[in-house]
Amino acid sequence: MVVFDEEAIALFDLDGTLCDYDKAMFNSLERLRSPKEPKTRVHSNGEEMPEYLRERINLIKREEDWWVNLPKFRLGWDILKIAKKLGFRIVILSKVPKRNPSAYSGKKKWIDKNMGYDVDVILTQDKGLVYGKVLVDDFPPYIESWLKHRHRGLVIMPASEGNKNFRHPQVIRYDGGNLEEVWGALKKARYRLPHESPFQLP
Ligand SMILES: [Mg+2]
C-alpha cells in the first residue's frame with residue numbers, strides 16, 4: 001500500500017507537461033491562417049515572432065474554453081502515473097499570462113475536468129517561490145529559476161523541440177523512451193531523508 005507523504009511534494013506544470021499546448025496552438029493558428037500566408041510554425045529558442053502572429057495568439061488565449069479543451073500530453077501523464085504510485089503529493093504549478101483572467105479560470109476548469117477537484121493548484125508568475133522535492137516542467141528558464149535555491153531538487157523535463165539542447169545535472173529529459181530512468185530517479189527522491197547529501201543522479 002502506498003503511504004501518502006505530506007513532505008514529498010511533486011510539482012507539475014500544465015502547458016507542455018500535462019497539456020499539449022503547442023499542438024492546440026498550432027491547430028488554432030492554422031485555422032486563422034489565410035491561404036496566402038506562410039504555414040504556421042513554432043517559434044522557439046527566443047526567435048522573434050511577427051507582431052500579427054503574437055496578436056492572434058493573445059486573442060486565442062483570451063478564450064476560456066480554449067484552455068478548458070486543451071488535449072492531454074502523454075509524456076507528462078506517464079510521469080504523473082509514477083509519481084502517484086510512489087506516493088508523492090501532487091501539486092499543479094503553472095504560470096498564467098498577466099492580465100488574462102480567462103487563463104486562470106480555464107486552467108482551473110481543465111484541472112477539474114481531467115484531474116478532479118482535490119488536487120492542489122498554484123497559479124503564479126514565479127515558480128521559484130514554490131517548494132517541492134520534484135518539479136516536472138518542460139521550460140528551461142522556469143526550471144533554472146526553481147533550481148536556483150534547490151540544490152537537492154530533482155527535475156523531470158518532458159521533451160520538446162525547444163528544450164532539446166538543455167542539460168543540467170539535476171534534470172532528466174524524458175522523451176518517452178527512458179521511463180525506467182525516470183522511475184529510478186523519482187524513487188530515490190521520494191525516499192531521500194532531509195539530512196542526506198545532495199541528490200546525485202543514478
Ligand atoms: Mg510548460
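The chain contains 7 helices and 6 strands in a model that is predicted. Read from the N terminus, its elements follow the order β-α-α-α-α-β-α-β-β-α-β-β-α. Of the 202 residues, 26% are classed as buried. Among contacts with a separation of 6 or more, 66% are made by residues 24 or more positions apart.

The largest nonpolar core comprises 35 residues. Within this core, the members that touch the most others are Val134, Val136 and Ile156. When neighbours within four places in sequence are left aside, the contacts of Ile156 are Ile79, Val134, Val136, Ile172, Tyr174 and Val182. In soluble globular proteins, nonpolar side chains tend to be buried together.

The packing of two helices was examined next. Helix H1 spans residues 21-32, and helix H2 spans residues 51-61. Their axes come within 11 Å and cross at roughly 115°. H1 is therefore roughly perpendicular to H2, since angles of 65 to 115 degrees are assigned to that class. The crossing of H1 past H2 is right-handed. On the H1 side, the contact is formed by Met25, Ser28, Leu29 and Leu32, which meet Arg56, Ile57 and Ile60 of H2. By residue class, this contact divides into 5 nonpolar, 1 polar and 1 charged.

Ile57, one of the H2 residues in this contact, was considered individually. With 17 other C-beta atoms within 10 Å, Ile57 is partly exposed, because the count lies between the limit of 12 or fewer for an exposed residue and that of 20 or more for a buried one. The C-alpha atom of Ile57 is separated by 9.8 Å from that of Phe26, a residue 31 places away along the chain.

A further local feature concerns the backbone at Arg99. This residue has a phi near 55°, a positive value in a residue other than glycine. Arg99 is placed in the loop between strand S2 (89-95) and helix H5 (101-115). Only the surroundings of its side chain remain to be described. Arg99 has 8 other C-beta atoms within 10 Å and is therefore exposed, as this count falls within the limit of 12 or fewer.

Note on methods. Residues are numbered from 1 along each chain as its sequence is written. This is a predicted model: local features need pLDDT of at least 70, side-chain atom pairs count only at pLDDT 80 or more; totals for chains, interfaces and linings use all residues. Helices (H or I, at least four residues) and strands (E, at least two) are DSSP runs, numbered from the N terminus. A nonpolar core is a set of buried Ala, Val, Leu, Ile, Met, Phe, Trp, Tyr and Cys residues joined through C-beta atoms within 7 Å. Two residues are in contact if their C-beta atoms, placed from the backbone, lie within 7 Å. Axes are lines fitted to C-alpha atoms, for helices over the stretch in contact, and angles run from 0 to 180 degrees between N-to-C directions. Angles under 35 degrees count as roughly parallel, over 145 as roughly antiparallel, 65 to 115 as roughly perpendicular and the rest as oblique. A crossing is left-handed if the near helix is turned anticlockwise from the far one by less than a right angle, and right-handed if clockwise. Ala, Val, Leu, Ile, Met, Phe, Trp, Tyr, Cys and Pro count as nonpolar, Asp, Glu, Lys and Arg as charged, and the others, Gly among them, as polar.
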